[in-house]
Amino acid sequence: MITLNVNGKEHALDVTDDTPILWALRDVIGLTGTKFGCGKALCGACTIHLDGQATRSCITPVSLASGKKITTIESIGETEVGKRIQEAWLALDVVQCGYCQSGQIMSASALLAQTPNPSDEDIDNAMSGNICRCGTYPRIKAAIKNAAKVKA
Ligand code: FES
Ligand code: FES
């Protein structure tokens with residue numbers, strides 16, 4: 001039994017310590033906004049925040065989340081930065097098929113929370129682990145820049 005704090009709510013889960021957080025989120029808690037892509041930390045589809053850090057939930061065991069705060073795409077819009085990112089995503093119509101986009105938004109919001117005015121290089125570095133088979137990269141980059149500009 002392990003207790004996870006997900007989006008501000010405590011969940012007592014009957015899973016083994018080595019269960020990936022992604023499995024706990026999707027299959028046990030029922031939060032399916034976080035996606036499974038590669039299962040090997042290669043695509044970024046499963047990105048969540050663990051105490052604010054962008055984290056690949058497919059390879060991170062629940063034991064590492066004990067005592068920490070997990071934030072998923074379902075509640076990122078409740079943070080100031082996440083809201084700005086989502087608004088910029090909508091304004092620029094970033095999404096194509098959508099599969100990679102929850103992970104993209106989680107990586108982008110972690111970046112802006114830590115680096116409010118990111119350079120092109122900062123954006124490239126922060127987003128390089130998030131793959132988009134639809135090739136939305138130019139719009140993702142533009143939306144991150146827009147979200148950064150909106151900050152008062
Ligand atoms: S599913 Fe986790 S990085 Fe691809
Ligand atoms: S929008 Fe289709 S994979 Fe990125």
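In which helix do R84 and E80 both lie, and how many residues apart are they? Both belong to helix α2, four residues apart, which is about one turn of the helix. The views show a predicted model, in which local features need pLDDT of at least 70, side-chain atom pairs count only at pLDDT 80 or more, and totals for chains, interfaces and linings use all residues. Residues are numbered from 1 along each chain as its sequence is written, and side-chain values use heavy atoms, with hydrogens and water left out.

**View 1. The salt bridge of R84 with E80.** The closest N and O atoms of the pair are 2.9 Å apart, a salt bridge being a side-chain nitrogen of Lys or Arg within 4 Å of a carboxyl oxygen of Asp or Glu. By this rule there are four salt bridges. R84 is buried at 8% relative accessibility, whereas E80 is partly exposed at 49% (buried means under 20% relative accessible area, exposed over 50%, partly exposed in between, with a 1.4 Å probe and protein chains only).

**View 2. The salt bridge between E87 and K83.** The side chains meet at 3.2 Å, N to O, and both residues lie in helix α2, four residues apart. E87 is partly exposed at 42%, and K83 is also partly exposed, at 45%.

**View 3. The salt bridge of K141 with D124.** The closest N and O atoms are 3.0 Å apart, and the pair links distant parts of the chain, with K141 in helix α5 (residues 137-150) and D124 in helix α4 (residues 120-127). Helices are DSSP runs of H or I with at least four residues, strands are runs of E with at least two, and both are numbered from the N terminus.

Notes:
Chains lettered and ligands numbered in written order.
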